[in-house]
Amino acid sequence: MDSLALFCTGALLAGGLIWFVCILGPAEQKGKRAVDLSGGSISAENVQDNYNQYWSFFRRPKEIETTEKVPDFVDTFYNLVTDIYEWGWGQSFHFSPSIPGKSHRDATRLHEEMAVDLIDVKPGDRILDVGCGVGGPMRAIAAHSRAKVVGITINDYQVNRARLHNKKAGLDSLCEVVCGNFLKMQFPDNSFDGAYSIEATCHAPKLEEVYTEIFRVLKPGSLYVSYEWVTTDKFRAENPEHVAIVQGIERGDALPGLRSYSDIAETARKVGFEIVKERDLSKPPAQPWWTRLKMGRIAYWRNHILVTVLSALGIAPKGTVDVHEMLFVTADYLTRGGDSGIFSPMHMILCRKPESPSSS
């Protein structure tokens, strides 16, 4: 009986380990397993040092407000978090309103498809994904619209991941990914039939700089839509709780500073855009976008145990546990921002580049 109990205990432990690694390992999109977690382009032995370096940026806040420093700051962040995002969240690094009766994956896809529907492109049109990550939105948009999507990301590791996923999805003929800085893009003037950014331009130190570049590369008459991270009209700068929530979101998401919703259209007009439409997609009747974060708390602790074990065994790089914990703390700030109504990650603005300078 003792031998049988020992055997059953061992089998249970082995089964649990297999379940943790093989079943829980892949993300929703089956893109990344827990045992494959890395520091992106950072070598395993340098993940901890780069995590410490990331936090050091906040001890010199003026540096992350400059165009010159932001690429290193954001690149470091995405080297640290890309694998964890892909493993624990999926290939689309953004939020979407909950839709009754729909899975998170379907709600995410519909949120992405709405962006390309808004810019009214045709099959074969060449459109720009500003801050494409590992390409989740790009693939959904290309499959839905049959437009040719060019994505730009500052992070070389994300470029390689996106290209791999594009090929696996059979969409590499429609999806192109380049490494570059969206503040200084390598594309010619007037070269795209449309553009979109989904929760990406929040990383720009000055929104005017990235909007100016998008305006430059769009063909006259083309549309651009962006889902922006903003503080809402409920935010009060004199409220310490509000300030703490906003600062927590900024520190945990590599943001030079959250903008007010009232700044978005003003900035777009300043660079020459015509405003076609603007609204906060998180407002009722939309269902809460932060529901998934609340539901994921149990999954976080489950995943954190796994990351801790893998790190202790030397499978995951040293520092991965710290990164994972940082993201959980940030998820709490995001949830509080949503619950209080002071923060939205989906303030939508739809803009048009005028047909000629005289029409602006």
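**Figure 1. Accessible surface and overall make-up of the predicted model.** Of the 360 residues, 54% are buried. The chain contains 12 helices and eight strands. Among contacts with a separation of 6 or more, 78% link residues 24 or more positions apart.

**Figure 2. Confidence, with a view of residues 25–30.** The average pLDDT is 89, and 87% of the residues score at least 70. Over residues 25–30 the pLDDT is below 50. This stretch still has 21 contacts in the model beyond near neighbours in sequence. Where pLDDT is low, predicted coordinates should not be read in detail.

**Figure 3. The largest nonpolar core, seen around Val225.** This core has 44 residues. Ile127, Val225, Trp229 and Ile249 have the most contacts inside it.

**Figure 4. The cis peptide bond between Pro284 and Pro285.** Omega is about 15 degrees here. Pro285 sits in the loop from strand 7 (274–280) to helix 10 (291–295). Most peptide bonds are trans.

**Figure 5. Positive phi at Arg146 and Glu199.** Neither residue is a glycine. Arg146 has a phi of about 60 degrees and lies in the loop between helix 5 (136–145) and strand 2 (148–153). Its relative accessibility is 43%, so Arg146 counts as partly exposed. Glu199 has a phi of about 55 degrees and lies in the loop between strand 4 (192–198) and helix 7 (207–217). Glu199 counts as buried because its relative accessibility is 5%, under the 20% cut-off.

Terms used: Residues are numbered from 1 along each chain as its sequence is written. This is a predicted model: local features need pLDDT of at least 70, side-chain atom pairs count only at pLDDT 80 or more; totals for chains, interfaces and linings use all residues. Side-chain values use heavy atoms; hydrogens and water are left out. A nonpolar core is a set of buried Ala, Val, Leu, Ile, Met, Phe, Trp, Tyr and Cys residues joined through side-chain atoms within 4.5 Å. Buried means under 20% relative accessible area, exposed over 50%, partly exposed in between (1.4 Å probe, protein chains only). Helices (H or I, at least four residues) and strands (E, at least two) are DSSP runs, numbered from the N terminus. Contact means heavy atoms within 4.5 Å. pLDDT is the predictor's confidence in each residue, from 0 to 100.
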